[in-house]
Amino acid sequence: MPHIQLAEGLPGIRSLFVFRPETAATLCALADVLLHAPGTLTPGERELIATYVSSQNDCHYCQTTHGAIAAYHLGRNDALVADVKRDFEHAGVSEKLKALLNIAGKVQRGGKNVQPEDIERARREGATDVEIHDTVLIAAAFCMFNRYVDELATWAPPEIPGYRERAAHVAEHGYLGIPKAVLAHAGNKP
Amino acid sequence: MKPMFLPEVEANPQASPVTDLIRIAQSNGAEYPKIWHLFGYRPEATAHLGEFTQGIMRGEGPLSSGIRELIAAFTSYHNDCPF
């Protein structure tokens, strides 16, 4: 049960967006720039970074939703998403993405864990400064999202049905429409 | 000041209000917090962080701005982030 009174039937961060629409728009705008807007890392790679950090933070809602979005981008490849969460160093992703996931994992553990050798490894594998920068910002932002969702004990169903359709929609259209969509959904409730 | 991990972040500021601040500080030889470089590097992303911070810290709400800044300072202290 959530620690505060939230709209029923909306899972995870969506219930918080309805509770505080003032902050929903900027959070979704940030997510859109980081995960969906054009960039040199593909949306699938960026969603994998978000999913990995969320799984390290043990955030069920975020790792399930972003894992589904990542899988959609990667050609419905759920197995690859599971491999990255379990052991990205041996998953079927590029060496560059492994180096970036290594940095994201350090960011997840705390504020002073990334070392010069982590940055050097990413550079050696061809990562640009923008890609390293965005990796750190995605990881830091998801630590915020994960804590926001879990420390208010938001509700989320254990299984995936429904997540899949929403994941496809977000993968295709991005994050900017979410605040309006969840408010409309909440408004329709009796 | 200690260089950042990513030299390009310091070397390639984009047009943004904070970039003007950096130039003024540098031309005066003044020290300034290096988070400014982060805000000046990817303004299309960090503008939303600024807006979020403004909303959460200064927007309408039952907690006073002083209490909200105290919560932020308390959390930053426990994260060992002096700035």
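Helices (H or I, at least four residues) and strands (E, at least two) are DSSP runs, numbered from the N terminus. A:Thr26, for example, lies in helix 2 of chain A. The structure is a predicted model, in which local features need pLDDT of at least 70 and side-chain atom pairs count only at pLDDT 80 or more, while totals for chains, interfaces and linings use all residues. Residues are numbered from 1 along each chain as its sequence is written, and chains are lettered from A and ligands numbered from 1 in the order in which they are written.

Chain A has 10 helices and 0 strands, giving the pattern α-α-α-α-α-α-α-α-α-α along the sequence. Along the principal axes, its C-alpha atoms fill a box of roughly 55 × 35 × 30 Å. The radius of gyration of chain A is 16 Å, which agrees with the value near 16 Å for a compact globule with 190 residues; the radius is taken over C-alpha atoms, and the globule rule is 2.2 Å times the number of residues to the power 0.38. Two residues are in contact if their C-beta atoms, placed from the backbone, lie within 7 Å. Among contacts in chain A between residues at least 6 apart in sequence, 73% join residues at least 24 apart.

A residue counts as buried if 20 or more other C-beta atoms lie within 10 Å of its own, as exposed if 12 or fewer do, and as partly exposed in between. By this rule, 43% of the 190 residues of chain A are buried. Helix 1 (residues 12-19) of chain A is mostly covered, with 6 of its 8 residues buried. These are A:Gly12, A:Ile13, A:Arg14, A:Ser15, A:Leu16 and A:Phe17. The cover over them includes helix 2, helix 4 (60-73), helix 8 and helix 10 (178-187) of chain A.

A nonpolar core is a set of buried Ala, Val, Leu, Ile, Met, Phe, Trp, Tyr and Cys residues joined through C-beta atoms within 7 Å. The largest such core has 57 residues, and A:Ile49 and A:Ala104 have the most contacts inside it. Helix 8 of chain A provides the largest share of this core, 10 residues. Not counting residues up to four places away in sequence, A:Ile49 touches A:Leu100, A:Leu101, A:Ala104, A:Thr135, A:Ile138 and A:Ala139.

Helix 2 (residues 21-36) and helix 3 (residues 43-56) of chain A pack at an angle of about 120°, with their axes 8 Å apart. Axes are lines fitted to C-alpha atoms, for helices over the stretch in contact, and angles run from 0 to 180 degrees between N-to-C directions. The contact joins A:Leu34, A:Leu35 and A:His36 of helix 2 to A:Pro43, A:Arg46, A:Glu47 and A:Ala50 of helix 3.

Leaving aside its neighbours within four places in sequence, A:Thr26 is in contact with B:His48, B:Glu51, B:Phe52 and B:Gly55. A:Thr26 is buried, with 20 other C-beta atoms within 10 Å. A:Thr26 and A:Leu176 are 150 residues apart in sequence and 9.1 Å apart in space, C-alpha to C-alpha.
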